[in-house]
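Colleague: I'm new to this one and would like to learn how to read it. Let's take the features one by one.

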Amino acid sequence: MAAILLRSPYYETKSEAYDSTNSLVAKSATLELSVDGTVISEMSKDTVLSGSSGTETGTVSFEIADLCRDYLDITFNNSYTSQTIAITGTLTFKSATIDDINTGGAVSNMGSYSIGPHTGLDGYYEFMEGLGTGNTPPNSAKTIATNDLLVDTTAVTTRINPPTSGNSVQLYYPDNTAGVIPYWSGSAIVYDTFSASDTTKTVISTVFKINRVCNKHTAYKVTFVNKYGALQDFYFNGKTTENINVSKTTFKRNIGNSSFEYDKQKHSIRQFNTLANEKLILNTPPMSYDNVNEAIKQLLVSEQVWIRKVEGGSEQTVPINITDTQQTFKTGINDKVVQYTITAEYAFDMISNIR
């Protein structure tokens, strides 16, 4: 069983040796792919043959992540649950090429292999981590093992007089605010919680130092799907501004009547097809450490992001899209004070037009 990050390719590769008993060469293969127990696709392709002519071994590779991701839709309404899909399949080798089968040629089924069960997560591998194949380096991807943390822990800081010994991963949360830290149980995403007063939290032997930030401005919680397919929170405690962009079309019409009179209160130049979209400019508070860079990077490339804010008199979860296409990463050495500005827009038109 593998945990597959579906935003990057994942290849299933199988080989079938020459069948000397029946004198058969594996010339093609068919993969029946299922998600959560339902067949979603049956795909076929010719094998790559290797070895002595007439007794070759047939090898085939199927990329399954792109298709499977269509069946994983992450939702969020301030509740943290494991959202994955179960991927299974059956790969069967055949003794004829696809063209021969399509033209009615003789064909025999050969070896059959089970695919999975795999668990699909809405994450991705970075280029330097390789492909999601499980092959030997340099092609193997960074795998997700049981009790792996599903947040970046590469940036650790040794603090002066830390509340616990050793290094710690830094988090920034407003005062009196609880939170979650996700990890992989081996079959699901688990969200370990910490309280509104905690200043440290140990998860899977990793110490998280929870830096409490005083709120001069309203603190906005932004939740995004990170590179591991887990929900991750990031608070913007700095100044926040909102603006609106409006687009409209006009046309000129005749408001005169048959008596060559007109109503002065009618619009001779009329607007129509007016659309509006609201934007947010979010700022982090000044921070002394640069280990939020990875979280900012993952936020920028996340395809699903939400913000908690008051709408219609109550706090709601609002879908947003990050519109920034460039960001300069900052460090404590170069910039002294680390602070980020992120631009986002609501992921819907202001005027409801869902029909």
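Colleague: Which residue stands opposite Thr90 in β7?

Modeller: That's Glu32. Before going on, note that this is a predicted model, where local features need pLDDT of at least 70 and side-chain atom pairs count only at pLDDT 80 or more, while totals for chains, interfaces and linings use all residues. Residues are numbered from 1 along each chain as its sequence is written, and side-chain values use heavy atoms, with hydrogens and water left out.

Colleague: What does β7 pair with on either count, and over how many bridges?

Modeller: Strands are DSSP runs of E with at least two residues, helices are runs of H or I with at least four, and both are numbered from the N terminus. Two strands pair if DSSP finds at least two bridges between them. Here β3 (residues 28-35) pairs with β7 in the antiparallel sense over 8 bridges. Strand β8 (residues 109-121) is also antiparallel to β7, joined to it by 8 bridges. Thr90 stands opposite Ser114 in β8, as well as having Glu32 opposite.

Colleague: Why is β7 described as largely enclosed?

Modeller: Look at accessibility: buried means under 20% relative accessible area, exposed means over 50%, and partly exposed is in between (1.4 Å probe, protein chains only). In β7 (residues 85-94), 7 of the 10 residues are buried, so the strand is largely enclosed by the rest of the structure.

Colleague: How far from Lys94 is the nearest side chain of opposite charge?

Modeller: For charge, Lys and Arg count as positive, Asp and Glu as negative, and His and the chain ends are not counted. Lys94 belongs to β7. Lys94 is buried yet has no salt bridge, and Glu42, the nearest side chain of opposite charge, is 7.2 Å away. A salt bridge would need a side-chain nitrogen of Lys or Arg within 4 Å of a carboxyl oxygen of Asp or Glu. Contact is a separate idea: heavy atoms within 4.5 Å. Leaving aside neighbours within four places in sequence, Lys94 has contacts including Val25, Thr30, Ile101 and Met110.

Colleague: Is Leu33 buried or exposed?

Modeller: Buried, at a relative accessible area of 0%. Leu33 lies in β3. Setting aside neighbours within four places in sequence, its contacts include Ile40, Met43, Ile64, Leu67 and Ile87. Leu33 and Leu67 are 34 residues apart in sequence, and their C-alpha atoms are 9.5 Å apart.

Colleague: How many salt bridges does the count come to?

Modeller: The general idea is that side chains of opposite charge can pair when their charged atoms come close. By the cut-off I gave, there are 10 salt bridges. Take Glu303 with Arg69, whose closest N and O atoms are 2.7 Å apart. This pair links distant parts of the chain, 234 residues apart: Glu303 is in the loop between α3 and β20, and Arg69 is in helix α1 (residues 65-69). Glu303 is partly exposed at 48%, and Arg69 is partly exposed at 23%. Both belong to a network of salt bridges that also links Arg7 and Asp122.

Colleague: Which helix do Glu294 and Lys297 both lie in?

Modeller: Helix α3, where they sit 3 residues apart, about one turn of the helix. Glu294 is buried at 16%, whereas Lys297 is partly exposed at 28%. The buried residues of α3 (residues 293-301) include Ala295, Ile296 and Leu299. The buried residues of this helix pack against β16 (220-225), β17 (231-236), β20 (305-311) and β21 (314-322).

Colleague: Where is there a cis peptide bond?

Modeller: As background, most residues other than glycine have a negative phi, and most peptide bonds are trans. In this model a cis bond joins Gly116 and Pro117, with omega about 5 degrees. Pro117 lies in β8. As for phi, Ser23 has a positive value near 55 degrees, and Ser23 lies in the loop between β2 (11-16) and β3. Asp36, in the loop between β3 and β4 (38-46), has a positive phi near 50 degrees.

Colleague: In what order do the 3 strands of the open sheet come?

Modeller: The order is β9-β12-β13, with antiparallel pairing. At the edges are β9 (148-149) and β13 (189-194), each with a single partner strand, so one side of each is left without a neighbour in the sheet. Between β9 and β12 (residues 179-184) there are 2 bridges, and Asp148 stands opposite Trp184 in β12.
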